[in-house]
Amino acid sequence: PNRLDRLVQMAERWDGYISVAIYGKKDEEDDFRRKVESFWNDHAKDLKDKVIIHLVIDGRKHEEGYDDMHYPHNILRNIAMEHTPTDLVFYNDIDFIPSVDSHAMLLKHLSSMPQDQ
């Protein structure tokens, strides 16, 4: 399944900005870029005002048998967080689709907290 489609579902439910880092390997870069660009073009009306996509190309040479243990989870998270246009971040995985109105509920909860903390 195309996990990018989950981004559309996430954007439909999350009212705030979404900063996402997407990983690709150097030897697959051209195809990777085409797929992401095609995805963006197909869904721009749903994503353009709220989603920022950061392509992260892994330039290391991958040998036969290279496994996902080396998948750069922390690097991707940090890139997405460093380039978010907001002061507050709700860290989320693409496999987790937030509840409808969860962004508004979190903001409401935050506004009810004492400001001196």
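Residues are numbered from 1 along each chain as its sequence is written, and side-chain values use heavy atoms, with hydrogens and water left out. Because the model is predicted, local features need pLDDT of at least 70 and side-chain atom pairs count only at pLDDT 80 or more, whereas totals for chains, interfaces and linings use all residues.

**Salt bridges**

The structure holds five salt bridges, a salt bridge being a side-chain nitrogen of Lys or Arg within 4 Å of a carboxyl oxygen of Asp or Glu.

Arg33 and Glu29 both belong to helix H2, where they stand four residues apart, about one turn of the helix. Asp31 and Lys35 also both lie in helix H2, again four residues apart, about one turn. Helices (H or I, at least four residues) and strands (E, at least two) are DSSP runs, numbered from the N terminus.

Glu29 counts as buried because its relative accessibility is 14%, while Arg33 is partly exposed, with a relative accessible area of 38%. In the second pair, Asp31 is partly exposed at 36% relative accessibility, and Lys35 is exposed at 53%. In the third, Asp46 is partly exposed at 30% relative accessibility, and Lys45 is exposed, with a relative accessible area of 69%.

**The largest pocket**

The largest pocket has a volume of about 1,500 Å³. On a 1 Å grid over the protein atoms alone, a pocket is an open set of points where a 1.4 Å probe fits, with protein on both sides within 12 Å along at least five of seven lines; lining residues have an atom within 4 Å of a point. Grid points are joined across faces, edges and corners, and the volume is the space filled by probe spheres set on the points.

The lining comprises 42 residues, of which Val20, Ala21, Asn92, Asp93 and Ile94 lie nearest the centre of the pocket. At least two residues of the lining come from each of helix H1 (4-13), strand E1 (18-25), helix H2 (29-47), H3 and H4. E1 gives the most, with eight residues. By class, the lining divides into 25 nonpolar, nine polar and eight charged residues. Here Ala, Val, Leu, Ile, Met, Phe, Trp, Tyr, Cys and Pro count as nonpolar, Asp, Glu, Lys and Arg as charged, and the others, Gly among them, as polar.

**The loop between H3 and H4**

Leu88 is found in the loop between helix H3 (73-82) and helix H4 (102-112), and counts as exposed because its relative accessibility is 57%. Together with Leu107, Leu110 and Met113, Leu88 makes a nonpolar surface patch of about 350 Å². Such a patch is made of residues with over 30% relative accessible area and no salt bridge, nonpolar side chains (Val, Leu, Ile, Met, Phe, Trp, Tyr) being joined within 5 Å. Accessible areas come from the Shrake-Rupley method with a 1.4 Å probe.

Asp101 lies in the loop between H3 and H4 as well. Although Asp101 is not a glycine, its phi is positive, about 70°. At 42% relative accessibility, Asp101 counts as partly exposed.

Conventions: Patch = residues over 30% accessible without salt bridge, like charges linked within 9 Å, V, L, I, M, F, W, Y side chains within 5 Å. Buried < 20%, exposed > 50% of the residue type's maximum accessible area, 1.4 Å probe, protein only.
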